[in-house]
Amino acid sequence: MLKYVYDFFEGDRSRADLLGGKGANLAEMTRLGLPVPPGFTISTAACRAYLAQGAPPAGLFDEVNAHLREVEARLGRWLGDRHDPLLLAVRSGGRFSMPGMMETILDIGLNDATVGGLAAHSGDERFAWDSYRRLIQMFGRTVHGVPAEEFERELAAVRAAAGPGGPGAAALRDLVETYKKVYAHHVGHDFPQSPHEQLYLAIRSVFESWNADRAVLYRRREHIPDDLGTAVNVMAMVFGNLGPDSGTGVAFTRDPATGAPGVYGDYLPDAQGEDVVAGIRNTVGLPELERIDPVSFRRLTEIMRTLERHYRDLCDVEFTIERGKLWMLQTRVGKRTPAAAFVIAAQLVDEGLISADEALHRVSGGQLAQLMFPGFDLDAAPVPLATGVGASPGAAVGRVVFDSAAAAAATEPVILVRRETNPDDLPGMIAAQGVLTSRGGKTSHAAVVARGMGRTCVCGAEAVRIDPERGEFTVGDRVVRAGDVISIDGSTGRVYAGSVPVRPSPVARYLAGELSPEADPLVAAVHRLLGHADAVRRLGVRANADTPADARRARAFGAGGIGLCRTEHMFLGERRELVERLILADGPAERDAALAALLPLQRADFVGILAAMDGLPVTIRLIDPPLHEFLPPLHELTARVARAEALGEDPGRDGALLVAVRRMHEANPMLGLRGVRLGLVVPGLFAMQVRAVAEAAAQRRRDGGDPRPEIMVPLVGDVRELTAVRVEAEQVLAGVEGAPEIPIGTMIEVPRAALTAGEIAAEARFFSFGTNDLTQTAWAFSRDDVEGAFFGAYLERGIFPVSPFESIDTAGVGRLVRLAVAEGRAARPELTVGVCGEHGGDPDSVEFFAEVGLDYVSCSPYRIPIARLAAGRAAV
Ligand code: ADP
Ligand code: MG
Ligand code: MG
């Protein structure tokens, strides 16, 4: 016969799948000999069976009765006994904690007869009637959905009528009569007097609470599967509401906010569990419990030490003291802030409870990211003006601007405020300290782009009404004008008027080399754990960096080189004019002149970057975007030419540019003339860049440096494209005296390249996966167009568990990576393989890249510590 019910003696913590987290840990505490009221757990399998057939599986309640009889025998008290009744708690608890989502019913077993027994045996009539009214209320609400207010209203009336000591026994007895009427009125029949029937109904309703709307919603948000079901724990009641020598509380074995050692918790004398949550009375700290009941306090701290040594981690507990006797009602490995996670992991290593390898698994890259952001000094913050979605963490203060051009032109820190953003806002987002939008959620354009570049962002602050024409926004009747200072908190989503003081994160300061590792316990913990990650990781970590300043920052953060140095910016600014000359060139002579003018400028750029990364590899990507991105926009040119013509003037060069821009217009630039294609159709363009790299390296060598450039060709789909570029590049390299050996490799960022990686590897010294483009081309969607359009819906409906631009889609895009690594290495065993998409800084993706066997990941400088940690975790 199937077994559905397990006594606390039978289980242990390894069986959380079957017993739920709460049940498994109650069993574990029982096994440890800790004072847990006796009881048993009905398995999640029973719940699944119940939900599947809409009725309890055959034999379930017989099994429950058998276990109940054992509990009764052990305690010498019986459910329904009118002299000294056993009362029961019926508590939900699934595999994963879903705080407050499901049901618990206390005081099962009270009825018109047993309430007298409870009163007599406890010697406290008031307590007995109060417990009875609690049962009717909890049972009515949970089993039949009677609104809590219906009961609360009556309770409030009785409390108001009572003196300062609270309602007496007679008043509570009357209240029970009133409650029964409320119950019967709503439910259509009387409150069940049979304790066993109460028990069965309570069990069924806990099963059913698995599918309550809020539980379903919670699971979707937390990615908890819907088909697990909950376990039900049935256990003897103990009472914290039996007078001043009783009480109830919650405690942590260390401070869950800071990780500071020493127990930490709240206690409420003369109360039952739900009172703590209800916040009717103020709790006191544990030191107060030490004063009230030193014996129980010592026992509690002893037990918490036992639990911590046993679980080898921070635990939290729920406990109740009944007339001086301590009972443990729950424990689990406790939730904690990111700071506490690092501090506690390091402490546990010091205490010999866990190894350094294990410590890496007690923290995450995401937590480290949180710790690197500056924060507002909350003591100095005013009441928020509005609250939106905290979309990209950080604390930003600046003057309000309403358009991207104003942000880009600003000389002081600014906050870009928009209804929503689009790709045209990019320059403004780069220039601003932070971005505030009134529309969109965590997957809106603003949110995604801001996270990608580490800009603070609050989005979807719906109370903010933006009027760009008038240059102001309003929240209710408050008006904020362009130029006014606001502060936005990208973690909490809060928006403040005025300037809130910002505290830089000590962790970021330490990582940038500005603070010593001994600065404080948190910094010391980060230092230790990152040091260990570096010692064990097999994956290299490089930076995506385009300027000497970025390269220096990346190096301070621990980068082992540059995995992606974009060269696009080397064609911008004042050099635009040279690009225009290149495009308008009439014949090879003019074109070569334009290229020759660009050469020394780019050479100087490379010298700076190679100097900053001296001795480390610098992978330089030849120009990637379509050339027309470097020309004025079509509408602007059209207007300029039209104006000149209207005035009867000669549009001059604008006329020719307009023709060129029209000619080069692309319906789909992402899939158009860019990357290697551009290099093959614009003669001399790649050669100029290759020469600039080689000459820069030669100069660095003359200056005593150790330059290690590598040249990377973007957007290759066929080996013949790469061959053509390589042959030309090698000719150029051979002609530059004093240059080091410069390897030539390719990006793998279109599916065809991944599928023909074996052929391509024959011509490439290295691969670097451009997983942004590979994601776009594998899925056939353009990031700029889809993130705002339907990603929200896809995430909500669970089609994407997470955006494929945030964490690599291992089943599809990841499969292309896997295949290309295998075939590339088969063709060329010494092939170096890395990744330089944004996924290189995402902890989950880093884990995947380590598993696939890449040599390195490359990510933006401020993600480097996160990637180092994730790479360390992946190695142990
Ligand atoms: P949740 O999972 O929402 O925390 P619990 O099942 O832990 O729900 O129950 C909520 C509260 O009910 C507990 O914190 C505790 O105070 C009280 N409680 C649970 N079991 C018992 C019991 N056997 N005796 C007395 N109080 C209990
Ligand atoms: Mg609990
Ligand atoms: Mg690309």
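**Note on the predicted model: sheets, domains, ligand shell**

1. An open sheet of eight strands runs in the order β14-β24-β23-β16-β17-β18-β19-β15. Its pairing is mixed. The edge strands are β14 (386–387) and β15 (389–392). Each has a single partner strand, so one side of each is left without a neighbour in the sheet. This is a predicted model, and the points below should be read that way.

2. Inside that sheet, take the pair β16 and β23. Strand β16 covers residues 395–401, and strand β23 covers residues 485–489. They pair in the antiparallel sense over five bridges.

3. Next, the domains. The domain assignment gives domain 1 (5–236), domain 2 (247–336) and domain 3 (374–504), among others. Domain 4 is listed in two segments, 537–626 + 666–875. Domain 5 is 632–665. Between the C-alpha centres of domain 2 and domain 3 the distance is 41 Å.

4. A second open sheet has five strands, ordered β10-β9-β8-β11-β12. Here the pairing is antiparallel. β10 (284–285) and β12 stand at the edges. Both have a single partner strand, so one side of each is left without a neighbour in the sheet.

5. How many bridges join β8 to β11? There are six, and the two strands run antiparallel. β8 spans residues 247–254. Opposite T248 stands T320 in β11.

6. One helix lies across this five-stranded sheet's members β8, β9 (261–269), β11 and β12: α12, residues 294–311. Its direction is at about 150° to β11.

7. The shell around ligand 1 holds 17 residues. Those that come nearest are A89, R91, T104, M237 and G273. By class, the shell has seven nonpolar, seven polar and three charged residues. Several elements supply at least two residues each: β5 (88–94), β6 (104–108), α10 (273–278), β11 (315–322) and β12 (325–333). Strands β11 and β12 also belong to the five-stranded sheet of point 4.

8. Last, a helix pair. Helix α4 (residues 114–122) packs with helix α5 (residues 125–144) at an angle of about 145°. The axes are 8 Å apart. The crossing of α4 and α5 is right-handed.

9. Which residues make the α4 and α5 contact? From α4 come V115, L118, A119 and S122. They meet E125, F127, A128, W129, S131 and Y132 in α5. By class, this contact has seven nonpolar, two polar and one charged residues.

Technical notes: Residues are numbered from 1 along each chain as its sequence is written. Chains are lettered from A and ligands numbered from 1 in the order in which they are written. This is a predicted model: local features need pLDDT of at least 70, side-chain atom pairs count only at pLDDT 80 or more; totals for chains, interfaces and linings use all residues. Axes are lines fitted to C-alpha atoms, for helices over the stretch in contact, and angles run from 0 to 180 degrees between N-to-C directions. Helices (H or I, at least four residues) and strands (E, at least two) are DSSP runs, numbered from the N terminus. A crossing is left-handed if the near helix is turned anticlockwise from the far one by less than a right angle, and right-handed if clockwise. Two residues are in contact if their C-beta atoms, placed from the backbone, lie within 7 Å. Ala, Val, Leu, Ile, Met, Phe, Trp, Tyr, Cys and Pro count as nonpolar, Asp, Glu, Lys and Arg as charged, and the others, Gly among them, as polar. A residue is near a molecule or strand if its C-beta atom, placed from the backbone, lies within 6 Å of it. Two strands pair if DSSP finds at least two bridges between them. Domain bounds come from an automatic or database domain assignment.
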